[in-house]
Amino acid sequence: MVGSWDGSQSDDSSHFERGVDHIYEAFICPLTKEVMHDPVTLENGRTFEREAIEKYFKECSDTGKPPSCPLTSQTLSSTDVSPSIALRNTIQEWRSRNDAAKLDIARQALFIGNDENDVLQALMHVRQICRSIRSNRQGVRNFQLIRMIIDMLKSNSHKVRYKALQTLQVVVEGDEESKEILAEGDTVRTLVKFLSHEPSKGKEAAVSLLFELSKSETLCEKIGSVNGALILLVGLTSSNSVNVSIVEKADRTLENLERSEEIVKQMASYGRLQPLLGKILEGSLETKLSMATFLGDLALNNDMKVLVAQTVGSSLVDLMRSGDMPQREAALKALNNISSFDGSAKVLIDIGILPPLIKDLFYIGPNNLPIRLKEVSATILANIVNIGYDFDKATLVSENRVENLLYLISNTGPAIQCKLLEVLVGLTSCPKAVIHVVSAIKTSGAIISLVQFVEVRENNDLRLASIKLLHNLSPFMSEELAGALRATAGQLGSIVAIISEKTPISEEQAAAAGLLAELPERDLGLTRELLGVGAFEKIISKVNGIRQGEIKGMRFTMNFLEGLVRILSRITFAFNNEPRAVAFCREYNVASLFIHLLQSNGQDNIQMVSAMALENLSLESVNLSRTPDLPPPSYCGSIFSCMSKPPVVTGLCRIHQGICSLRETFCLVEGEAVEKLVGLLDHENDKVVEASLAALSSLLEDGLEVEKGVQILDEADGIRHILNVLTETRTERLTRRAVWVVERILRIEFIAIEVAKEPNVSAALVDAFQNGDFRTRQIAENALKHIDKIPNFSAILPNMA
C-alpha cells in the first residue's frame with residue numbers, strides 16, 4: 001500500500017510487487033543499503049558502492065585511522081578498489097528487467113478512475129526509473145506513458161495532478177523528444193490554466209514544467225501563443241507570493257521566452273518592459289526600429305513612461321536625429337507616447353530633446369519631416385511645454401520661434417494647427433514667456449487669425465486649444481481681443497454658444513467664460529454685442545443652474561462660475577448709455593443674484609465682482625427711485641382750510657426718499673444688502689474689502705442725505721468695521737477709499753466727537769494727510785477738521801472779517 005500522497009511507500013506489500021524481480025542481497029551496498037550502480041571490490045573481497053566506500057576511506061584519513069573494511073574492521077594495506085564488472089552487468093540486467101516490468105504495471109494503472117494510491121505508486125515508479133537510468137526515457141516513450149501521464153492532469157485529485165506534473169518534469173528534463181511529445185495537443189494550455197487555478201504546490205510544479213519546456217527554443221512560440229500564458233507569468237513575477245520558487249521559475253521562464261521578439265512585445269503590453277527596452281538599447285537597427293515602433297503604440301501608465309524615458313530616452317532621441325526616415329518616425333511616435341506625463345517629460349528635457357525637436361519642426365529643406373511627422377513633433381513639444389515642471393520656457397520664444405509658430409499655424413492643416421496652438425497655450429502659461437508671445441502676436445497682427453479658430457465646429461480639440469490660448473492672452477491683449485470679436489458677430493456668438501452648451505461643465509466652457517470675463521468691462525460696443533446675441537440671458541441661466549445644483553462639473557465649476565459672474569457684472573457698467581441694461585437687470589432681478597453671490601465663501605473673486613456690481617447698481621438707484629405724486633389738496637370751504645396739514649406719504653426709501661425696491665431700483669437698503677457688505681469688511685482679501693467698502697460708500701454719495709446713510713451704516717455696525725479698515729492701512733487703494741468714507745461719516749457731529757477720542761483713527765488720518773496722493777490728502781484734511789485735529793479756517797475767517 002502507499003503510505004502518503006507524495007508517493008512514499010509503506011512496508012505493506014502491493015500488487016505492484018508482483019511481476020518484479022527479487023532483489024538479491026549481493027546487489028545491496030552494505031553502506032548505503034541500496035542497489036549499487038558502480039560496485040567495486042576491496043582487497044579482502046568485500047563489495048561496496050564506489051562512491052560510498054571512497055567517502056568512508058576519506059573519513060578514515062581525516063580522522064587519522066588506518067583504512068579498514070567497514071564490515072570486518074580488518075585493516076587494509078591499500079585503499080585500491082577493483083570494479084566488479086560482472087556484478088555491475090548483472091545488476092544492470094536486473095534493473096532493466098525490473099524497470100520494464102514496473103513500466104508495464106504503471107501503464108496498466110495510469111487510467112482515470114483507478115485507485116488513487118495505485119496511480120500515485122505508478123507515477124513514483126516512473127520518476128524513479130527516469131532518475132536512475134536516463135536511457136529508460138526511450139522506454140517511457142515506447143510505452144506512450146507520457147500521454148498517459150498527461151491524462152492524469154485531468155484527475156479530480158490535487159495529489160494526482162501534482163504528482164503527474166512532477167513526473168512529467170522528470171520525464172522531459174533534458175530530453176527534446178519527450179518535450180515535443182508533451183507539447184502536442186492542449187497540454188501547454190492545461191499547464192497555463194494550472195498557473196491560476198491550482199493550489200500553491202501545484203502552481204509551482206506547473207511553472208517548473210513550463211520553465212523546462214521553455215529551454216527548448218522551438219517550444220517558446222508554443223508557450224507564448226497560449227492565451228493568457230504571458231500575462232499569468234508576468235503576474236507571477238510581480239506578485240508578493242510567499243513561494244519564492246514560483247516567482248523565480250516564472251521569471252526564468254520569461255527570460256527564456258525573450259528569444260522571440262513577438263513575445264517580447266506581448267510581454268511589454270502586459271507590463272514587463274525591460275526586455276523590449278533592452279532590445280532598443282542593444283539590438284540591431286532592424287530590431288531597434290521594430291521595438292521603437294511597437295513602443296509608440298503601447299499603452300503605458302505614468303510610472304512606465306518615466307521608466308522608458310530614463311532607460312531609452314537618449315537612444316530614442318538619437319534615432320530621432322538619424323537620417324533614416326523610418327527610424328525618425330518610430331522614435332518620434334515613441335517619444336510622443338512618453339512625453340504626456342510630467343515626470344517623463346522632465347527626463348526628456350534633461351536629456352536634451354528640445355533642440356532637435358524644434359529643429360525638426362521648423363526646418364525646411366533636404367530630408368525635412370513630412371507634415372504628418374511635424375504634427376507628431378508639435379504634439380511632443382505641446383506635451384512638454386504644458387507640463388507642471390518649471391523649466392525655462394523663455395528659451396523657446398527666442399530667435400523668432402514664436403513668429404515661426406504663427407507662420408506654421410497659418411499655413412498648415414487643422415491637425416498640426418491644434419498642436420501648435422497647444423504649444424502657444426503652454427508658453428502663454430509661463431510668466432516669462434507670455435510677454436514674448438504677446439509681443440510677437442501684436443507685431444504680426446495674428447490676433448485676427450487666432451480668433452477665427454473659435455468658429456471651428458468639425459475639430460473640437462482645435463477649438464479648445466484656441467479658446468485656451470485666447471484666454472491666456474486676454475489679460476495682456478483685452479482691447480485687441482475685444483476689437484477682433486466686435487468685428488465679427490459670429491465669433492462672439494460662437495464663444496457664447498460654447499458657454500451655453502447643455503453639457504457637464506467642460507474645460508472649454510470655463511476657458512471661454514474666462515476669456516470674455518477678461519475683456520474691458522466698460523467696452524460699451526462689446527456689451528451691446530453681447531446683449532444682441534442674448535449672452536446675458538444665457539449666462540444668468542447658467543449661474544442659477546450652478547447655484548441650484550442643476551449643472552454639474554466638479555473640476556471646472558468654480559472657474560466657470562467666476563467667469564460667468566464677471567461677464568454678467570459688465571452689464572452694470574452700461575447703465576448710462578444703454579437702456580437695455582437697466583431693463584435686463586430689472587427683468588432678471590440681477591441685484592438679488594449679486595447679493596446672494598456675496599455669500600460665496602471661499603470664492604474671493606466672485607465676492608469681489610459681486611460687490612463691484614452692487615456698487616454700480618446702487619449708484620443707479622438714485623436715477624431710478626421714483627418720487628410719488630402727492631395727492632391734490634382737498635377743497636374745503638372752511639375758513640380754517642389754510643391751516644390744514646400737507647398730505648403725508650409713507651413707505652418711502654430712507655436713503656433715496658422715493659419709492660424703492662431691490663428689483664426695480666436696485667436699492668441696497670431695500671434689498672437688505674448692507675449687513676452682508678459690512679460682513680465682508682473683515683475679509684482677509686483686500687480686494688474683497690475694497691469692493692465691499694465701495695458698494696457701501698454708494699450710500700454716502702453727493703445728492704443723498706449723508707446723515708441717513710451714516711445712520712443706516714451705524715445700524716448695521718458698519719462704522720466700527722469701516723474705522724478698522726482705515727486703521728489697518730493694508731493697501732494704498734483701500735486706504736484712499738476708507739479715508740473718503742470716514743470723512744463722510746465724520747460730518748455727523750456726535751460721531752466725530754466720539755471718533756476724536758480714538759487715537760488710532762486720528763493717526764491713520766494724519767498718515768493719509770501726510771503721505772497720500774493729492775486727492776486723499778484733501779479728504780484726510782477735511783476729516784481731521786471734523787475731529788478738530790486741524791483748525792477749520794474757513795469757519796474762522798468770516799468771523800474775523
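**Close-up views of a predicted helical chain**

View 1. H19 itself runs over residues 354-362, and its buried residues are Leu354, Pro356, Leu357, Ile358, Asp360 and Leu361. Buried means under 20% relative accessible area, exposed over 50%, and partly exposed in between (1.4 Å probe, protein chains only). The model is predicted: local features need pLDDT of at least 70, side-chain atom pairs count only at pLDDT 80 or more, and totals for chains, interfaces and linings use all residues. Residues are numbered from 1 along each chain as its sequence is written, and side-chain values use heavy atoms, with hydrogens and water left out.

**View 2. The chain as a whole, as context for the close-ups.** The secondary structure consists of 44 helices and three strands (DSSP runs numbered from the N terminus; helices are H or I of at least four residues, strands E of at least two). The C-alpha trace spans about 165 × 65 × 60 Å along its principal axes. The radius of gyration of the chain is 47 Å, whereas a compact globule of 801 residues would have one near 28 Å (taken over C-alpha atoms; the globule rule is 2.2 Å times the number of residues to the power 0.38). Of the 801 residues, 49% are buried. Contacts (heavy atoms within 4.5 Å) between residues at least 6 apart in sequence join residues at least 24 apart in 67% of cases.

**View 3. Helix H6 meets helix H9.** The axes of H6 (residues 158-172) and H9 (residues 200-214) come within 9 Å and cross at roughly 20°, which means that H6 is roughly parallel to H9. Axes are lines fitted to C-alpha atoms, for helices over the stretch in contact, and angles run from 0 to 180 degrees between N-to-C directions; those under 35 degrees count as roughly parallel, over 145 as roughly antiparallel, 65 to 115 as roughly perpendicular and the rest as oblique. The crossing of H6 and H9 is left-handed (the near helix is turned anticlockwise from the far one by less than a right angle; clockwise would be right-handed). H6 contributes Tyr162, Leu165, Leu168, Gln169 and Val172 to the contact, and H9 contributes Lys201, Gly202, Ala205, Ala206, Ser208, Leu209 and Glu212. By class, seven of these residues are nonpolar, three polar and two charged (Ala, Val, Leu, Ile, Met, Phe, Trp, Tyr, Cys and Pro count as nonpolar, Asp, Glu, Lys and Arg as charged, the others, Gly among them, as polar).

**View 4. Helix H15 crosses helix H17.** The axes of H15 (residues 285-297) and H17 come within 7 Å, with a crossing angle of roughly 35°. This crossing of H15 and H17 is left-handed. On the H15 side, the residues are Leu285, Leu289, Ala292, Thr293, Leu295 and Gly296; on the H17 side, they are Pro326, Gln327, Ala330, Lys333, Ala334 and Asn337. The contact of H15 with H17 has seven nonpolar, four polar and one charged residues.

**View 5. Asparagine 367 and glutamine 657 lie in loops.** Asparagine 367 is in the loop between H19 and H20. Although asparagine 367 is not a glycine, its phi is positive, about 60°. Its relative accessibility is 42%, so asparagine 367 counts as partly exposed. Glutamine 657 is in the loop between helix H34 (604-624) and helix H35 (662-665). Glutamine 657, also not a glycine, has a positive phi of about 55°. At 32% relative accessibility, glutamine 657 counts as partly exposed.

**View 6. Glycine 563 and serine 692 are buried helix residues.** Glycine 563 belongs to helix H31 (residues 557-569). Its relative accessibility is 4%, and therefore glycine 563 counts as buried. Not counting residues up to four places away in sequence, glycine 563 touches Ala513, Gly514 and Ala517. Serine 692 is in helix H37 (residues 686-697) and is buried at a relative accessible area of 0%. Leaving aside neighbours within four places in sequence, the contacts of serine 692 are Ala611, Leu677, Leu680 and Leu681.

**View 7. Arginine 747 sits in the loop between helix H40 (732-745) and helix H41 (749-755).** Arginine 747 is partly exposed, with a relative accessible area of 40%. Not counting residues up to four places away in sequence, arginine 747 touches Val706 and His786. Arginine 747 and threonine 287 are 89 Å apart in space, C-alpha to C-alpha, and 460 residues apart in sequence.
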